[in-house]
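Here's a quick briefing to read with the model open in your viewer. Have a look at the sequence and the fold first, then work through the points below.

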Amino acid sequence: MSHDLSLAQSHAFALSRTLMVPVTLFRVDGEFAVLPTDELGGADVETLVEYDPFEFGPAH
């Protein structure tokens with residue numbers, strides 16, 4: 001988990017591109033975290049954004 005949104009966003013994007021699965025960046029208890037979207041299930045978290053590696057162009 002992280003308290004830095006910018007760092008969490010960067011890691012979420014990289015994780016999505018590495019695993020080639022959608023990941024969700026969310027906030028829980030004041031901290032940011034990332035999980036593959038299909039593993040998040042119905043968890044009670046504040047979803048901020050979902051990164052889908054197939055919606056972005058090639059990584060540079």
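In which strand is Thr 24 found? Thr 24 sits in strand E1, and that strand is a handy place to start the tour. Keep in mind that this is a predicted model. The overall picture is an open sheet of three strands in the order E2-E1-E3, paired antiparallel, with helix H1 packed on that sheet.

**The sheet**

- The edges belong to strand E2 (31-36) and strand E3 (46-51), each of which pairs on one side only.
- On average, neighbouring strands here are turned by 25° against each other, if you ignore direction.
- Within E3, Thr 47 is the bridge partner of Phe 26.

**The helix and the core**

- Helix H1 (residues 5-19) touches E1, E2 and E3 as it packs on the sheet, and its direction makes about 150° with that of E1.
- The largest nonpolar core is made of six residues, namely Ala 8, Ala 12, Val 23, Leu 25, Phe 32 and Tyr 51.
- H1 and E1 each put at least two residues into this core.

**The salt bridge**

- If you're checking charged pairs, the structure holds one salt bridge.
- That salt bridge is between the side chains of Arg 27 and Glu 46, with an N to O distance of 3.2 Å.
- Since Arg 27 lies in strand E1 and Glu 46 in strand E3, the pair ties together parts that are 19 residues apart in sequence.
- What about solvent? Arg 27 counts as partly exposed because its relative accessibility is 30%, and Glu 46 is partly exposed too, with a relative accessible area of 41%.

**Backbone angles to check**

- Some background first: most residues other than glycine have a negative phi.
- Met 20 has a positive phi of about 55° although it is not a glycine.
- You'll find Met 20 in the loop between H1 and E1, where a relative accessibility of 35% makes it partly exposed.
- Asp 29 also isn't a glycine, yet its phi is positive at about 55°.
- Where does Asp 29 lie? Look in the loop between E1 and E2; the hairpin of those strands has two residues between them.
- Is Asp 29 buried or exposed? With 76% relative accessibility, Asp 29 counts as exposed.

Methods
Residues numbered from 1 in each chain as written. Predicted model: local features only at pLDDT ≥ 70, side-chain atom pairs only at ≥ 80, totals over all residues. Heavy atoms only, no water. Pairing = 2+ DSSP bridges. Helix = DSSP H or I, 4+ residues; strand = E, 2+ residues; numbered from the N terminus. Axes fitted to C-alpha atoms, helices over the stretch in contact; angles between N-to-C directions. Contact = heavy atoms within 4.5 Å. Core = buried A, V, L, I, M, F, W, Y, C linked by side-chain atoms within 4.5 Å. Buried < 20%, exposed > 50% of the residue type's maximum accessible area, 1.4 Å probe, protein only. Salt bridge = Lys/Arg side-chain N within 4 Å of Asp/Glu carboxyl O.
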